[in-house]
Each structure stands twice: as structure tokens, then as C-alpha cells.
Amino acid sequence: MKRLCSHCGKSFANILVGREDKYLCRCCFFEYFEDTVHRTIVEECLLQPGERIAIGASGGKDSTVLAYVLKLLNERYYYNWDLWLLSIDEGIQGYRDDSLRTVEQNRDDYNLPLYTLSYSELYNWTMDQVVSQIGRKSNCTFCGVFRRQALDKGTEKIQANVLATGHNADDIAETILLNLLRGDHARFSRSVMEENANYRMSIDSDSKKIRRVKPLKRVYEKEIVMYAYFKKLKYFATECIYAPFAYRGHAREYLKSLERIRPHSISDILYSLSCISLEDSKTRVGQQCIRCGSISSQNICKACLLRTSLDRGQGVLAVKRSGMAILSKNTVESEIPQTVSESSTESNIS
Ligand SMILES: Nc1ncnc2c1ncn2[C@@H]1O[C@H](COP(=O)(O)OP(=O)(O)OP(=O)(O)O)[C@@H](O)[C@H]1O
């Protein structure tokens with residue numbers, strides 16, 4: 001049976017959205033979606049007028065929709081944002097080279113400048129080379145650590161101080177669940193604090209520190225897919241060729257099956273997240289890595305530790321489940337530890 005749109009009451013509904021089960025027609029869905037993203041930005045002070053903003057652009061649906069909507073809001077509300085696409089080329093043939101072509105297409109379609117930075121420029125390693133040394137089991141750990149830092153470096157290069165990524169509500173729930181399932185208390189606490197402190201961090205942080213913001217955090221993956229589909233946006237839909245081996249994939253599947261049984265599981269996880277309050281005082285204050293100068297909670301950042309292990313041909317040893325105690329606060333360069341905890345890093349750029 002066809003339903004009428006619960007917003008305008010005139011057209012037939014095409015999509016069911018949000019927690020309150022609203023059935024919306026295409027036009028009202030666009031309004032709902034854009035308004036949700038706009039309210040997130042305004043209510044959480046994510047972006048300021050006139051700022052230069054780096055948009056992490058992977059060519060996938062999330063970052064494509066993010067770039068499209070930020071451009072639209074910029075024009076609609078005269079924010080005078082200086083929007084840039086920032087792409088990281090991990091060096092994965094048959095995947096990233098193709099998705100980068102989609103980003104180039106977005107650059108032309110949306111008339112936005114694009115800056116690309118590669119792992120080979122930054123680390124002298126491509127992910128294909130990393131995988132040929134360490135195999136396919138822990139490669140996402142390397143990729144996650146390198147990408148997080150590469151996005152920061154790219155944001156610095158284009159002289160922006162804010163990085164917007166396409167993480168959505170499903171991604172955030174997935175990260176929380178993943179850290180919980182692994183028993184990674186440190187990472188769990190940090191992700192909870194990062195999500196809940198976004199508002200405070202955005203307005204308090206000094207202007208030199210890169211802020212990471214997630215304007216799509218209140219919209220669901222299925223809404224993003226529908227938005228891209230109805231707007232006919234061009235995006236790259238293939239999954240990373242190395243991703244099927246990541247533990248994160250199991251958390252994603254688990255979440256999807258929970259949603260099938262109980263459609264509000266994701267929003268309930270996010271609600272629980274917003275209710276958790278953790279002691280801020282336990283987080284380490286960011287300092288500079290003594291090797292590369294990146295912000296790090298340790299003397300030497302994880303990217304430098306992993307890169308050193310690869311250079312020594314010991315990449316496999318670098319990631320060990322048991323290696324929890326290794327990132328010692330007092331590490332000096334001559335004592336670079338050999339292992340990085342897999343649980344704290346895998347593909348976890350949120
Ligand atoms: N290679 C990359 N270059 C630039 N930004 C990236 C890259 N990979 C990921 N990101 C940023 O991180 C966000 C989340 O990345 P993730 O790997 O979870 O991809 P995703 O959920 O499939 O998103 P998308 O659909 O945008 O690829 C992306 O939306 C994008 O903003």
C-alpha cells in the first residue's frame with residue numbers, strides 16, 4: 001500500500017527515515033537530510049564561517065555526499081567556507097587508483113580544488129608493498145594508522161585547520177561496538193570521549209590544532225545511500241580489496257543483523273554513547289612525535305613505529321595482540337619498541 005509523505009501529506013512517500021519512523025517523499029527527504037546535517041554543524045559548532053575546510057575524499061558514497069552537501073549548505077547559507085577535497089592514495093592497485101578517478105570527477109563536477117597525498121610520498125611504502133611483506137591479516141592496522149596521520153598532514157599542507165570526514169551514525173556505532181568487543185578499554189574510552197566532546201573541542205581548541213569533524217554523524221548509512229541515489233551522485237562503490245580480512249567487518253555484520261531484528265539498534269547504541277560520561281583527566285595530553293613532529297600521545301607516534309618495523313623487515317612482528325605495554329611513555333628513539341597493539345589501531349580512523 002502506498003503511503004503519503006508524513007511531512008507534506010501530498011506526494012507518495014519513498015523512504016522511511018530517522019528514529020521516529022517518518023515516511024517521506026523525495027523532496028521532503030532532501031530537506032530532512034540537508035537540514036539534519038546543517039543542524040549538526042550549527043548545534044555542535046563544527047564549522048565556522050569563512051574557514052578553510054579539508055574534506056576527506058575517498059570517492060565513496062559518504063565522502064561524496066559530504067562534499068556535495070557542504071557545497072550546497074555553503075551556497076545556501078553564505079558561509080564563505082573555502083572547501084577543499086583531500087585524498088589519500090594508499091597505493092592499492094585496482095582499488096584506490098579507480099576511486100581516485102571518481103574523486104577527480106567530483107572535483108570537476110563540484111568545482112572544488114583537490115589535493116592528493118600518497119603513502120609512498122609520506123612513508124616510502126604503498127599498501128600493496130606492506131601487504132606483500134606482512135600478509136593480509138593485520139594490514140588494516142598499518143593502513144588505519146597511516147591514513148589518520150596522512151589526513152592530518154594533508155590538512156596541514158593545504159593550510160586548513162579543520163578536517164571533515166564522511167563518518168555516519170552507523171560508522172560511529174560500529175567503532176564503539178568494535179572497541180567494546182575487543183575489550184579495548186583505552187580505545188573505547190577515547191572514542192566515547194571524542195564523540196561526546198566534539199562540541200566542546202570545536203569551540204575550545206586553539207586555532208593551530210587540526211579539528212576532526214563528522215557532519216554526517218546523525219544520518220544513517222541507508223539515508224546516505226538513498227540521498228546519493230536520488231541525487232544521482234557519482235561515487236565509487238567497491239570495497240577495499242584488503243578489507244574483507246579486517247575484524248571491523250565482523251562488527252559491521254553483527255550490527256546489521258541486530259538492525260534486522262530490532263531496527264533501532266544503531267540509534268540505541270548512539271543514545272547509550274551520549275549518556276556515558278568518562279573522566280577526561282585520564283587521557284594523555286597530545287605531544288609532538290620526536291621523529292616526525294606529528295601530534296602523538298607517545299614520544300614516537302604509531303605511524304613511525306610501524307614504518308620502522310617495515311623498514312627493518314619486521315612488519316609482522318609489529319602488530320601483536322599481546323603487545324599492549326609497548327608504547328611506553330619514556331621511549332627514546334634508540335629504544336623503538338617492536339610491537340603495536342592491533343586492538344588499538346585496526347582501520348580505526350574515527
Ligand atoms: N583514502 C582516503 N582519502 C581521504 N579521505 C578518506 C580516505 N579514506 C577514508 N577517508 C575519510 O574517512 C571517512 C570514513 O572512511 P571509511 O574507510 O570508513 O569509508 P566509508 O565509510 O566507506 O566512507 P566513504 O563512503 O566516503 O568511502 C570517509 O568518508 C572519508 O571522509
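Helices (H or I, at least four residues) and strands (E, at least two) are DSSP runs, numbered from the N terminus. On that basis the protein chain has 14 helices and 11 strands, and I172 lies in helix α7 (residues 169–181). The model is predicted: local features need pLDDT of at least 70, side-chain atom pairs count only at pLDDT 80 or more, and totals for chains, interfaces and linings use all residues. Residues are numbered from 1 along each chain as its sequence is written.

**Chain overview**

- Of the 350 residues of the protein chain, 41% count as buried. A residue is buried if 20 or more other C-beta atoms lie within 10 Å of its own, exposed if 12 or fewer, and partly exposed in between, with C-beta atoms placed from the backbone.
- Among contacts between residues at least 6 apart in sequence, 69% join residues at least 24 apart. Two residues are in contact if their C-beta atoms, placed from the backbone, lie within 7 Å.

**Domains and their interface**

- The protein chain is assigned domain 1 (1–36) and domain 2 (44–285); such bounds come from an automatic or database domain assignment.
- The C-alpha centres of domain 1 and domain 2 are 27 Å apart.
- Contact between the domains involves eight residues of domain 1 and 11 residues of domain 2.
- On the side of domain 1 that touches domain 2, β1 (15–17) and α1 (26–43) are the elements that give two or more residues. The largest share of that side, five residues, comes from α1.
- By residue class, that side of domain 1 has four nonpolar, one polar and three charged residues. Here Ala, Val, Leu, Ile, Met, Phe, Trp, Tyr, Cys and Pro count as nonpolar, Asp, Glu, Lys and Arg as charged, and the others, Gly among them, as polar.

**Ligand shell**

- The ligand has 17 residues around it, of which G56, G60, D62, S63 and G166 come nearest. A residue is near a molecule or strand if its C-beta atom, placed from the backbone, lies within 6 Å of it.
- α2 (61–77) and β4 (82–89) each supply at least two residues of this shell.
- The shell divides into four nonpolar, eight polar and five charged residues.

**Annotated binding site**

- An unreviewed UniProt entry carries the annotation "binding site" for G56, A57, S58, D62, I88, G166 and D171. UniProt positions are given in the numbering used here, feature names are shortened, and annotations may be inferred rather than shown by experiment.
- G166 is placed in the loop between β6 (162–164) and α7. G166 counts as buried because 23 other C-beta atoms lie within 10 Å.
- Leaving out residues up to four places away in sequence, G166 touches G56, D62, S63, V65, L66 and L216.
- I88 belongs to strand β4. I88 has 26 C-beta neighbours inside 10 Å and therefore counts as buried.
- With residues up to four places away in sequence again left out, I88 touches L117, R147, A150, L151 and G154.

**Strands β3 and β4**

- Strand β3 (residues 52–56) is mostly covered, with four of its five residues buried.
- β3 and β4 run parallel and are joined by five bridges; two strands pair if DSSP finds at least two bridges between them.
- Within this pairing, I53 stands opposite L83 in β4.
- In a regular strand the side chains alternate between the two faces of the sheet.

- I172, in helix α7, is buried because 22 other C-beta atoms lie within 10 Å.
- UniProt, in an unreviewed entry, places the feature "domain: Cytoplasmic tRNA 2-thiolation protein 1 C-terminal" at residues 287–313.
- The end C-alpha atoms of residues 287–313 lie 28 Å apart, and the span is 37% helix and 15% strand.

- C45, not a glycine, has a positive phi of about 50 degrees. C45 sits in the loop between α1 and β3, and C45 counts as partly exposed because it has 15 C-beta neighbours inside 10 Å.
- Y78, also not a glycine, has a positive phi of about 50 degrees. Y78 is in the loop between α2 and β4, and Y78 counts as exposed because it has 9 C-beta neighbours inside 10 Å.
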